[in-house]
Every structure is written in C-alpha cells, then in structure tokens.
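Here's a quick tour of how this fold is put together. Have the viewer open and follow along.

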Amino acid sequence: MQTVTTDARAPLRVNGVEILPQAIDEAIAELADASPAVGEDSPSGVEQTARYALAIRELLRQRALELDLTFDPGRPEAMADAVFARDVVTPVASVEESRRYYEQHPERFTSGELVHASHILFGVTGRAPLALIRAKAEETLNDILKAPDRFEAMARERSNCPSGQVGGSLGQLERDSVVPEFAQGIFGTDETGVLPRLIKTRFGFHLVRIDHRVPGTRIPFEAVQDDIATMLTEQVRLRATRQYVLLLASQAALEGVTFAPADGPLVQ
C-alpha cells in the first residue's frame, strides 16, 4: 500500500469508531511473528503499519455493512474479498495484452537455457559502507577487463564466495537455480566473456564471466496464455483495490492515521 504517518500516542478512530489500544498491540505482535526482523530498528514504524492495517480493516467493515453484505466477523479477509467483489471492477486481460507481454518478455518464456558462468562476489555484510564495496568491485572489474586472464587469480584473492577457491566457477546454471536479479543479468542475451558491468543482488556486487551458453527453446504462446492473463489480471486487481482503499480513506473521518491522497477513483 502507501506510506502512512501517525502519532503513535494518538487514539485511532475511523468515522468515529475507536480501535482499542489492545487491538493495536495484537496487530503489532502479529507483524513481529510474521517477520521477527520487522521493526527491530524502528518500533514506531511497526506501530504505524499496524494502525494502517487496522484502519483498512475498519474501513472495509463499515463499507460491508453499508452494502448489507453477509460476512464472518472473524474472517476479515473474506469480508474484504466480498467488498472488493461488489465495488471494484477488474477487467480481465485480453488475448492481445497477454500476447504483447509474451513478446516483450521472451526471456521469461524460454525453457532449457543454460549458462556456464564464473563470478567474483564482493559481499554486502553491513560492516563496510556500500559505496566502498561498490568502488572496490568496480576497480577490480576495470582491472579484469584490461587483463581477462587474471579472472581466476582475482577470484581466489578477492571473492567472498566459496567458489573463489576454484577460480570463481559456478558451473552450469539454469534460470531457476539463481536469485532473480542474478538471472536477469546473465540470461536472455548472447553475451560471453567478462561482462562489462557489475550485477547487484541481495548478496552484493558480482563480477561475472560467461564461459559458455546453451540456447533454450521458446515456449509456445498458447501454452502460457492463460498463466499470463491470470498474472496481468491480478496486477490490475491489486492496483484497483489499492486505489479503492485510498478512495474510502479520502471520504472517511480518520484520527491517528493518515493515508496518501487517492489519485482518482477506479471503481463504479
């Protein structure tokens, strides 16, 4: 959703209905259970997220009552689905839209593509500034581009990955065998040799050498048409429901929570 700003000490009310502090505490606990790392450095941010979620739930509950919808009070997700089904119009992706996506993203619909690659990883650990790590990686990349035959030696000397002990070799890779950001950097092209750029992933900065490629086979559009349509429709639904919630919030009397203004209604 959107960023929310709030005074954590203020009461939380939606159209005059107060959400009790106990409910806020329970929501905070649920967030912590779902992701223990959330808010370790910013407890106020966790409370803001909890208030935001509770305000949305109350907005949808009130709208469900206005529409005289039947729902189980203990299942807020079912209540939300009922409101969205009634109020939010989500067009289904057309065949033309699905085909356009298919043509614009050929790498996502290629099966069997293999890449034999090596890398040198400059890991992000939190102990060193990110800019310093990037600068060291870029310096090493420039050195290797001038002398590609030094790749293995530099991998043994500088890589933060165990593969450095074997000259950085990662062996044969499939798209699904690596993290998405790394796959995006090495698949779907015909490049070989040392790539003239760093690849940034959640693990750090990678210098990559493509040793060999095995081209894949394009999956026919008909085989993935329904999956593409489902994905595109879901993306539209998420945007529409987000806009709908912002529209409800813009029409409500809110205390203790502030929503970003809606750009415009997406409902009928």
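This is a predicted model: local features need pLDDT of at least 70, side-chain atom pairs count only at pLDDT 80 or more; totals for chains, interfaces and linings use all residues.

Let's start with a strand pair: S1 and S10 run antiparallel to each other, joined over two bridges.

Zooming out, the pair belongs to an open sheet of three strands, ordered S2-S1-S10 with antiparallel pairing. The edges are taken by S2 (17–19) and S10 (254–255), each of which pairs on one side only. As a reminder, strands in a sheet pair through backbone hydrogen bonds, in either a parallel or an antiparallel way.

## The main core

Now for the greasy part. The largest nonpolar core counts 27 residues, and the ones with the most contacts inside it are Leu 59, Leu 60, Phe 84, Tyr 244 and Phe 259. Strand S1 (12–14) gives two or more residues to this core, and so do the helices H1 (21–34), H2 (43–66), H3 (76–87) and H8 (221–250). H2 supplies the largest share, with eight residues.

Leaving aside residues up to four places away in sequence, Leu 59 touches Val 14, Val 245, Leu 248, Ala 249, Ala 252 and Phe 259.

## H3 against H8

How do H3 and H8 cross? Their axes come within 11 Å, at an angle of roughly 95°. That falls between 65 and 115 degrees, so the two helices are roughly perpendicular to each other.

On the H3 side you'll find Val 83, Phe 84 and Asp 87, which meet Thr 241, Tyr 244 and Val 245 of H8. Sorted by class, this contact has four nonpolar residues, one polar and one charged. Phe 84 and Tyr 244 are names you've already met, as both are among the residues with the most contacts inside the core.

## H4 against H8

H8 has another crossing partner: the axes of H4 (residues 95–104) and H8 come within 9 Å and cross at roughly 105°. That makes H4 roughly perpendicular to H8.

From H4, the contact uses Val 95, Glu 97, Ser 98, Arg 99, Tyr 101 and Tyr 102, while H8 brings in Phe 221, Glu 222, Val 224, Gln 225, Ile 228, Ala 229, Met 231 and Leu 232. By class, the residues of this contact split into nine nonpolar, two polar and three charged.

How values were computed: Residues are numbered from 1 along each chain as its sequence is written. Side-chain values use heavy atoms; hydrogens and water are left out. A nonpolar core is a set of buried Ala, Val, Leu, Ile, Met, Phe, Trp, Tyr and Cys residues joined through side-chain atoms within 4.5 Å. Buried means under 20% relative accessible area, exposed over 50%, partly exposed in between (1.4 Å probe, protein chains only). Helices (H or I, at least four residues) and strands (E, at least two) are DSSP runs, numbered from the N terminus. Contact means heavy atoms within 4.5 Å. Two strands pair if DSSP finds at least two bridges between them. Axes are lines fitted to C-alpha atoms, for helices over the stretch in contact, and angles run from 0 to 180 degrees between N-to-C directions. Angles under 35 degrees count as roughly parallel, over 145 as roughly antiparallel, 65 to 115 as roughly perpendicular and the rest as oblique. Ala, Val, Leu, Ile, Met, Phe, Trp, Tyr, Cys and Pro count as nonpolar, Asp, Glu, Lys and Arg as charged, and the others, Gly among them, as polar.
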